[in-house]
Amino acid sequence: MVCLSRLKPYPLGRTSHMKQHFQQIDILKGLAIIAVLLLHSVSREQLNASYAVFHIWQAVPIFMVLMGLNLGMSYASKTLHFDQLYTPNYFQKKALRIIFPLLLMYIFALVAGYVWEQIYAREVYTLGWKNLIGVLPVSGKGNYFITLLLQSLIALPLIGYTFNRWPIRTSLVLLLLEIAFQLIAYQISYFEEDRYLYDSALFRYFSAIALGLWLARLILTSERRYSWLLILAGIASSIYLYFHQYQGISLPYIRPEWQAQLFLTYPYAALMIYLGILTFPQQSNFIAFRIMATVGKASYHIFLVQVLYFGLIKDNTNIALNLTFCLLVGLIFYWLESFLSKKISN
């Protein structure tokens, strides 16, 4: 178990020559991507019966809070100027890390879709204008997260920059923008016919990103007053989740589809991350931790594989097959793509 008091803090706003690596974050990402696979493999009834809203259903909120956490840790050791945000080097790194694996998966999806149609005589392609914003040519469950990720490439540098200078004001603006988007989206009839643009809107997760930024400060500076606020907010979120999911409590003027994932619930995901960072070691050679950390590092590639996988298969109830295939092929894809990326970057 790692105590926060033992973590070496970064002086915020100053340049540090040493950047710490937290194995806990990779472990949490590994657990979260496994939760995504389980979420897409079991029925709604099974999820409700297992109180999944408190664990498996938290996978995407955890990824979004971790997005803010990684941003906060990355920017905490730097003194940034606005003209340093969107540099060619930044876009090159993101292109290799995010765009290149996505393009490879586009090619795999086109080939797999063609082969699948020839063998099973079943149409699986999802071709249209949405392919330009992240929808795979063969699209399965959770594809909206790819579009979320593409939006983050533009939004995150600006969010991190403003947060480092005006943390409270930036957090309030992010929260208000999220609430405003939810209220406006409720009035847009287009979302009744096609939910994809609503599901994939980064606005829905602005407060989760803000919580991740604050969590980075808590971890790196050990300011314990924030931990009490996080614990209280997390408990309040869990109470809301229970009443929403099991007592039928619903919020007015907000679309019903995602009321278990909004600004009222993200503190619970942030609390889970905080407890995970306290529980897991910062660095460990224990085989189980190393395997889970490797899965976490490959989580994006595993996610891309599972989008294609669930777009091809009709029966998704074989949990063992779903986990084995997506994890194994996702890891192979991660190692292959990493090798190719190094060749390209060199």
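Accessible areas come from the Shrake-Rupley method with a 1.4 Å probe, and for residues only the protein chains shown count as cover.

## Basis of the model

The structure is a predicted model, in which local features need pLDDT of at least 70 and side-chain atom pairs count only at pLDDT 80 or more, while totals for chains, interfaces and linings use all residues. Residues are numbered from 1 along each chain as its sequence is written, and side-chain values use heavy atoms, with hydrogens and water left out.

## Overall architecture

The secondary structure consists of 14 helices and 0 strands. Helices (H or I, at least four residues) and strands (E, at least two) are DSSP runs, numbered from the N terminus. Along the sequence, the pattern is α-α-α-α-α-α-α-α-α-α-α-α-α-α.

The C-alpha atoms fill a box of roughly 60 × 55 × 40 Å along the principal axes. A compact globule of 346 residues would have a radius of gyration near 20 Å, and the protein agrees with this, since its value is 20 Å. That radius is taken over C-alpha atoms, and the globule rule is 2.2 Å times the number of residues to the power 0.38. Of the contacts with a separation of 6 or more, 80% join residues 24 or more positions apart; contact means heavy atoms within 4.5 Å.

## Burial and the nonpolar core

Of the 346 residues, 53% count as buried. Buried means under 20% relative accessible area, exposed over 50%, and partly exposed in between (1.4 Å probe, protein chains only). In soluble globular proteins, nonpolar side chains tend to be buried together. The largest nonpolar core has 111 residues, and those touching the most other members are Met64, Leu69, Ile159, Tyr205, Leu215 and Ile273. Helix 3 (residues 59–76) provides the largest share of this core, with 13 residues. A nonpolar core is a set of buried Ala, Val, Leu, Ile, Met, Phe, Trp, Tyr and Cys residues joined through side-chain atoms within 4.5 Å.

Beyond residues up to four places away in sequence, Ile159 touches Leu71, Thr170, Leu174, Phe206, Ile209 and Leu213.

Leu327 belongs to helix 14 (residues 319–345) and is buried, with a relative accessible area of 19%. With residues up to four places away left out, Leu327 touches Ile34, Leu37, Val295 and Ile302. Leu327 and Ala95 are 232 residues apart in sequence and 23 Å apart in space, C-alpha to C-alpha.

Ser227 lies in helix 10 (residues 224–246). Its relative accessible area is 6%, so Ser227 is buried. When residues up to four places away are not counted, Ser227 touches Leu218 and Tyr274.

## Salt bridges

The whole structure contains 4 salt bridges, each defined as a side-chain nitrogen of Lys or Arg within 4 Å of a carboxyl oxygen of Asp or Glu. One of them joins the side chains of Lys130 and Asp194 (2.2 Å, N to O). Because Lys130 lies in the loop between helix 4 and helix 5 and Asp194 in the loop between helix 7 (190–193) and helix 8 (196–199), the pair ties together parts that are 64 residues apart in sequence. Lys130 counts as buried at 18% relative accessibility. Apart from neighbours within four places in sequence, Lys130 is in contact with Val135, Asp194 and Tyr196.

A network of salt bridges links Glu192, Arg255 and Glu257. Between Arg255 and Glu192, the closest N and O atoms are 3.4 Å apart. Arg255 lies in the loop between helix 10 and helix 11 (266–279) and Glu192 in helix 7, so this pair ties together parts that are 63 residues apart in sequence. In the salt bridge of Arg255 with Glu257, the closest N and O atoms are 2.9 Å apart. At 2% relative accessibility, Arg255 is buried, whereas Glu192 is exposed at 61% and Glu257 is partly exposed at 29%.

## A nonpolar surface patch

Ile107, Phe108, Val111, Tyr114, Val115, Ile119, Tyr120 and Leu336 make a nonpolar surface patch of about 790 Å². Patches are made of residues with over 30% relative accessible area and no salt bridge; like charges are joined within 9 Å, and nonpolar side chains (Val, Leu, Ile, Met, Phe, Trp, Tyr) within 5 Å. Helix 4 gives the most to the nonpolar patch, with 7 residues. Val115, found in helix 4, is partly exposed, with a relative accessible area of 38%.
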